[in-house]
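Look at the sequence and the model below.

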Amino acid sequence: MTIKLYELCGANEELVFSPHCWKTRMSLAHKGLDFDSVPLPFTKVATIENGDSRRVPVIRDGETVVEDSLEIAKYLDAQYPDTPRLLEGAAADAMTNLLINWAQTQVHPVVVKMCLMDIYNALAPEDQVFFRATREKVFGMSLEDFASKMASTPEDLAKVLVPLELTLKKQPFICGETPMFADYAVFGALQWLRITKGDTALPKEGEVSNWFNRLLDVYDGMARNTVIAA
Ligand SMILES: N[C@@H](CCC(=O)N[C@@H](CS)C(=O)NCC(=O)O)C(=O)O
C-alpha cells in the first residue's frame, strides 16, 4: 500500500512549504518509495490520524503511523532495509542530531525573519488567524512588527551558512559523496525560503548554492518542480 504523507500546505493545496515536511519528502524519494501527499492547512494539522497535538510531517504506512521527520527516517531505514539508507552507523546518527539542531536554531530563525509575511500571505484566511495568534504569542509582538524590526537579509543568511560553505568545499554533500538525512535536514530550511519567497533570497553562488541546486535536481527534480508562491 502506498505511504501517505500528511504535510502542510497554503491556501493553494499544491503549495507544500514546510521545512520539516521537505525532509520527509526527500527521505521518501531517496528510498524510491511512492507516496500520496495529503496536504493540510495549519488548522487541520493537530488532529491528523486522530491526534490532538500533532505536528507535520506524519506518515501512515499500512497500519503504522509515524510523526517527526527524524523518526520517520529511522522508521523507513528499519522497514525498508534494501533501499539506500538515510542514517548510517551510530556515530553518524549522533552527528545528524547536531545538524538538525544547527539547522533549527541557527538557520531557521534567519529564514523565518526573511519570509514570515510571505508564509502568512500564502495561507487561507482561517489559517492566517491561527498563524497570527500562535506566532504573535511566541514573538511577543505583531507579525508585522516582527517582520520589520527583526528582518534578516541574504547577507545574514550567508553568514550563518559559513560552516556549510566551508564543508562543501571539500565534499559534494554534507554526508560525503551522496546525500543522506543530514543533507535533507538543512535543505528543508532553504527550500522553505525558496517556496515562500522565491529564488532571489537564496545564496546565488558558492558551494551552498551548488549543493542546493544539486538537491533540487535529484529524484527527477521533485524539489525543483514543486509549486512556489513567489
Ligand atoms: N521536529 C519536528 C518538527 C515538526 C514541526 O514543527 N512541524 C510544523 C510545520 S513546519 C508544524 O506541524 N506546525 C504546526 C503548528 O504550528 O501548529 C520534525 O522535524 O518533524
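Ala, Val, Leu, Ile, Met, Phe, Trp, Tyr, Cys and Pro count here as nonpolar, Asp, Glu, Lys and Arg as charged, and the others, Gly among them, as polar. With that in hand, turn to the ligand in this predicted model. The shell around the ligand divides into six nonpolar, four polar and two charged residues. Its members are L8, S18, P19, H20, F42, V45, R55, V56, P57, D68, S69 and T134. Two helices, α1 (19-30) and α2 (42-45), each supply at least two residues of this shell.

**The sheet**

Strands of a sheet pair through backbone hydrogen bonds, either parallel or antiparallel. In what order do the four strands of the open sheet lie? The order is β2-β1-β3-β4, and the pairing is mixed. β2 (35-40) and β4 (64-67) stand at the edges with a single partner strand each, so one side of each has no neighbour in the sheet. On average, neighbouring strands are turned by 20° against each other, direction ignored.

| Strand pair | Sense | Bridges | Example of bridge partners |
|---|---|---|---|
| β1 (residues 3-8) and β2 | parallel | six | K4 and D36 |
| β3 (58-61) and β4 | antiparallel | four | V58 and E67 |

β3 and β4 also form a hairpin, with two residues between them. In the turn, G62 has a positive phi of about 60°.

α1 touches β1, β2 and β3. The direction of α1 makes about 155° with that of β1. α3 touches β3 and β4, and its direction makes about 140° with that of β4.

**Helix against helix**

Two packed helices are described by the angle between their axes and the distance between the axes. α1 and α3 (residues 69-79) pack at about 15°, with their axes 9 Å apart. Why does α1 count as roughly parallel to α3? Angles under 35 degrees count as roughly parallel, so α1 is roughly parallel to α3. The crossing of α1 with α3 is right-handed.

Which residues make this contact? From α1 come H20, K23, T24 and S27, and from α3 come S69, I72, A73 and L76. Three residues of the contact are nonpolar, four are polar and one is charged. H20 and S69 take part in this contact, and both also belong to the shell around the ligand.

Notes. Residues are numbered from 1 along each chain as its sequence is written. This is a predicted model: local features need pLDDT of at least 70, side-chain atom pairs count only at pLDDT 80 or more; totals for chains, interfaces and linings use all residues. A residue is near a molecule or strand if its C-beta atom, placed from the backbone, lies within 6 Å of it. Axes are lines fitted to C-alpha atoms, for helices over the stretch in contact, and angles run from 0 to 180 degrees between N-to-C directions. Angles under 35 degrees count as roughly parallel, over 145 as roughly antiparallel, 65 to 115 as roughly perpendicular and the rest as oblique. A crossing is left-handed if the near helix is turned anticlockwise from the far one by less than a right angle, and right-handed if clockwise. Two residues are in contact if their C-beta atoms, placed from the backbone, lie within 7 Å. Two strands pair if DSSP finds at least two bridges between them.
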